[in-house]
Amino acid sequence: MTDDTLPPLDQPRYVLRAITIIGIALSLFQLYGAGIEPLGLYVQRPVHLGFILVLAFLIFPVTGRNRPRGIIGWAIDGPLIACGVLVGYWLPANTDAIFNAVFPRDIDIWVGILTTLVVLEAARRAVGLAMTIIGASFALYAFAGSRGALPWLSDILPGILNHRGYSVDRLSSHLTLGAEGIFGLPLGVASTYVFVFVLFGAFLEVTGAGKFFIDLAYAATGRQRGGPAKAAVVASAGMGSISGSAIANVVTTGAFTIPLMKKLGYRPAQAGGIEAAASTGGQIMPPLMGAGAFLMSEYTNIPYVEIVLISIFPAFLYFGAVYLLVHIAAVKQGMTGLPASDLPETRKVLAEGWHFLLPLAALIAFLIIGYSPMRVGFYAILSVMAAAGAKALWDFTRGTSQADGFAALIGRGVRVTLEALELGARNAVAVSIACAVAGIIVGVVGLTGLGLKFAAMMLAFSNGNLLLALLLVLIASLILGMGLPVTAAYIVLIILVGPALQNEFGVPLLIAHLVVFWYSQDSNVTPPVALAGFAGAAIAGSKPMETSLQAWKYAKGLYLIPLFMVYNESIILGGPVPLVLWNGAIAILALVAFAALLEAFLFAPIPLWQRAVLLPGIVAVFWPDLRVEIVGAALLAVILAMNWMAGKSWRPGRENADA
C-alpha cells in the first residue's frame with residue numbers, strides 16, 4: 001500500500017520524537033474511527049489529511065532527506081506544517097457555515113487554494129515530482145477555456161479537449177468544499193480501509209511475521225530444484241499483499257532470497273528479477289491486494305469480499321506462471337535444492353510462529369461473516385496484538401522469554417505496540433498524499449467532462465479494436481507508472497479509460513477495473529523504469545537494466561492474464577460450471593505453454609518447429625470462440641505431451657543454461 005517513508009537518520013531528536021507522537025496520534029485516531037465510533041466524511045478525511053501533511057513535511061524536509069533544515073529550511077517547512085494543521089481543522093470546524101452559505105465564502109476559497117497547493121508540494125516530496133506535475137497539469141487544464149482563468153491555454157489544446165473553462169474560485173470550491181475533489185473517494189478509501197490495513201501490516205511486521213512467512217516458505221520449498229527462488233515466490237505472495245509495496249517486498253524478502261539464489265547458481269540479474277516479479281505479484285494477491293481491492297469496491301459498488309474471492313484464481317495463475325518459469329530455469333541449469341541442514345524445519349517454524357496464522361484466519365472469517373473492511377481491519381489488528389501477547393506470555397511462563405520479569409515483558413509489549421502505531425502512520429503517508437492528488441484529478445475530470453473526451457480519443461486511436469484499445473491502456477499505464485505509485489496510476493487510468501472500456505468496447509465494469517489495476521503494476525517490472533527491478537538489482541549487485549529485463553520476463557503473466565479476463569470473462573463473472581472449469585483449464589494450459597515457449601523448455605528442450613506451433617495455439621486459446629479455443633487447446637496439449645515424452649530420456653546439463 002505504500003513505499004517506504006522512513007525518516008532520515010540525521011534528523012534532530014526532537015523532530016524524530018514529533019514524528020513518533022504525531023504518527024501514534026494518527027493511528028489512534030484511525031483506530032477510534034474504525035472500531036469504536038464511525039466519524040463523518042467531513043471529519044475523517046480532513047483530519048486524516050491534516051495529520052498526513054504534517055507528517056510529510058516533518059519526514060521530508062525541503063532541503064532533502066539527508067541534509068539538515070537549518071533556519072531557511074524551517075522558515076519554509078514551519079508554515080507548511082501550520083498549513084497542514086489548518087487543513088485538518090478548517091472543514092470540520094466550519095462545516096455548518098460552509099454548507100449553509102449560498103455562495104462560497106472568500107475565506108473558504110483561500111483555504112481551498114492553500115489546501116491544493118500544500119497537497120501538491122507534499123506530493124512532490126513524498127511521492128515524486130511526476131505526481132505534482134500531473135496534478136498541477138489537471139488543475140491548469142480546468143482554467144483553459146473562454147471562461148477560464150487562463151483562456152489562452154485553450155489555444156494550444158487539441159479541439160476535442162476544449163471546454164468552457166473555470167475560474168480559480170470555482171475550481172477551489174469544487175476541489176475542497178465537497179466530496180468530489182481532494183476530499184473525494186480516493187482519499188476516503190485511503191483514510192479508512194487502506195490505513196487500517198497498512199496498520200495491520202505494520203503490526204505483523206514488528207511482531208516478526210515477515211521472518212515467519214519467509215522461513216515457512218523455505219521449509220516448504222527449499223529442498224526442491226531452485227528452492228530459494230521458489231521460496232521467494234511463495235514468501236512474496238504472502239508478504240506482498242500485506243506490505244502493499246512491491247519495492248518494500250523486494251527489500252524485505254529479497255534480503256534473504258536473492259543471496260541464496262545466487263549461491264545456488266542463479267545469475268545475479270536473474271535472482272533480482274525473480275524477486276522483483278514475485279514481489280510485484282503480491283500487489284494482486286488477496287486478501288488485501290495493496291489498496292486496489294478497497295478502491296475497486298468503492299468505484300464498482302461490489303462488496304469487497306466478492307472482489308477478493310474472484311481475484312484468487314487470477315493471482316494463482318500469476319504466481320503459478322512465475323513458479324513454473326523459476327522451475328524451468330532451475331531444471332535447465334541442472335540445479336539442486338538446498339541441503340536439509342541449511343533449511344529451517346517446518347515443525348519448528350510452525351511451533352515458533354503459528355500464532356501469526358490466527359490474525360489472517362480472523363481476517364478471512366470476519367470478511368466472510370460480512371463485516372465492513374474497516375471493521376475487519378480493526379479486529380485483525382486486535383487479533384495480532386492478542387496473538388503476539390499470548391505467545392509472549394506463554395514463553396514467559398515457560399521460561400523461554402528474553403524478558404527479565406513481568407514488568408519488562410509488559411514494557412516490551414508497549415514498545416512494540418507504539419512502534420507499530422508509528423510505523424503504520426509513516427507507511428501511509430505516500431499513499432494518502434497520492435490519493436489526495438488523485439482527488440484533484442478526479443475533480444477536474446468530473447468538472448470538465450474530460451473522461452468522455454478521452455473515451456472518444458481512445459475509440460478513434462484504436463479504430464474500435466478492443467485489442468488495440470487494451471494495448472493503449474498498457475502503454476498509458478507504463479508511462480504513468482514511471483512517475484506514480486501503483487494506486488495513483490490505477491485511479492488516474494480508471495477515471496480516464498474505464499468509461500471507454502465499458503461503454504465503447506463492452507468490457508464489463510469489474511473486468512475493466514481489474515485489467516487497469518493489473519496493468520498499473522507493470523512499471524515495477526517493465527524497463528526502462530522498473531522500480532522493483534531496480535531494488536532487486538541493488539541487493540543482487542547486478543546491472544539495473546539487465547535485472548529489469550529478467551523481471552519483465554518472469555512477470556509475463558501480468559500482461560496475459562488480464563487479456564484472458566477480457567476474452568474469457570466467465571473466470572471473473574462466473575457462468576455455467578462446465579464453462580468456468582473449461583476456461584480455467586485452458587488458462588492454465590495457455591500459461592504453461594507460454595512459459596515453455598519463452599524458455600524453449602518444459603520437460604526437455606523444445607525444438608524450434610514445436611515453438612512455432614505453440615504460438616498460434618496460445619493465440620487460439622485466447623480467441624473468443626469456443627471452436628477456436630478447442631483447436632488451440634488440443635494443439636497445445638499435443639505439443640506439451642510430445643515434450644513430456646522427450647523429457648523421459650533427457651538429462652540436465654549446464655551446457656543447456658541460457659540467459
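**Helix 8**

Helix 8 is mostly covered, with 20 of its 22 residues buried. The model is predicted. The notes below take this helix first, then salt bridges, then cavities.

- Helix 8 runs over residues 185–206, and the distance from its first C-alpha to its last is 30 Å. That span is close to the 32 Å expected at 1.5 Å a residue.
- Glycine 208 follows helix 8 and has a positive phi, near 100°.

**Salt bridges**

- The count of salt bridges comes to ten. Side chains of opposite charge can pair when their charged atoms come close.
- One of the pairs joins glutamate 422 to arginine 426, with 3.5 Å between the closest N and O atoms. Both residues belong to helix 18 (residues 406–448), and because they are four residues apart there, about one helical turn separates them. An α-helix has 3.6 residues a turn, so residues three or four places apart point the same way.
- Glutamate 422 is buried, at a relative accessible area of 13%. Arginine 426 is buried as well, at 11%. The cut-off for buried is under 20% relative accessible area, so the value of 13% places glutamate 422 in that class.
- A salt bridge also links lysine 553 and glutamate 599, whose closest N and O atoms are 3.2 Å apart. Lysine 553 is in helix 24 (residues 544–554) and glutamate 599 is in helix 27 (residues 577–599), so this pair ties together parts that are 46 residues apart in sequence. Lysine 553 and glutamate 599 are both buried.
- Arginine 627 pairs with aspartate 625, and their closest N and O atoms lie 3.4 Å apart. Arginine 627 is exposed, with a relative accessible area of 65%, whereas aspartate 625 is partly exposed, with 22%.
- A network of salt bridges links Arg69, Asp77, Glu121, Arg124 and Arg125.

**Cavities**

- Three cavities of 30 Å³ or more are counted. Rolling a probe the size of a water molecule over the atoms shows where empty space is left.
- The largest cavity holds about 80 Å³ of space. Its lining consists of Leu86, Val87, Trp90, Leu91, Asp108, Val111, Gly112, Thr115, Thr176, Leu177 and Phe183.
- Helix 3 (70–93) and helix 5 (106–126) each contribute at least two residues to the lining of the largest cavity. Sorted by class, that lining has seven nonpolar, three polar and one charged residues.
- The volume of the second largest cavity is about 40 Å³. The residues lining the second largest cavity are Ala321, Leu325, Lys556, Gly557, Leu591, Phe594, Ala595 and Leu598.
- Helix 14 (304–332) and helix 27 each provide at least two residues of the lining of the second largest cavity. Helix 27 gives the largest share, four residues.
- By class, six nonpolar, one polar and one charged residues make up the lining of the second largest cavity.

Terms used:
Residues numbered from 1 in each chain as written. Predicted model: local features only at pLDDT ≥ 70, side-chain atom pairs only at ≥ 80, totals over all residues. Heavy atoms only, no water. Expected span 1.5 Å × (residues − 1). Buried < 20%, exposed > 50% of the residue type's maximum accessible area, 1.4 Å probe, protein only. Salt bridge = Lys/Arg side-chain N within 4 Å of Asp/Glu carboxyl O. 1 Å grid on protein atoms, 1.4 Å probe; cavity = no way out; pocket = protein on both sides within 12 Å on 5 of 7 lines; lining within 4 Å. Points joined across faces, edges and corners; volume = space filled by probe spheres on them. Nonpolar A, V, L, I, M, F, W, Y, C, P; charged D, E, K, R; others polar.
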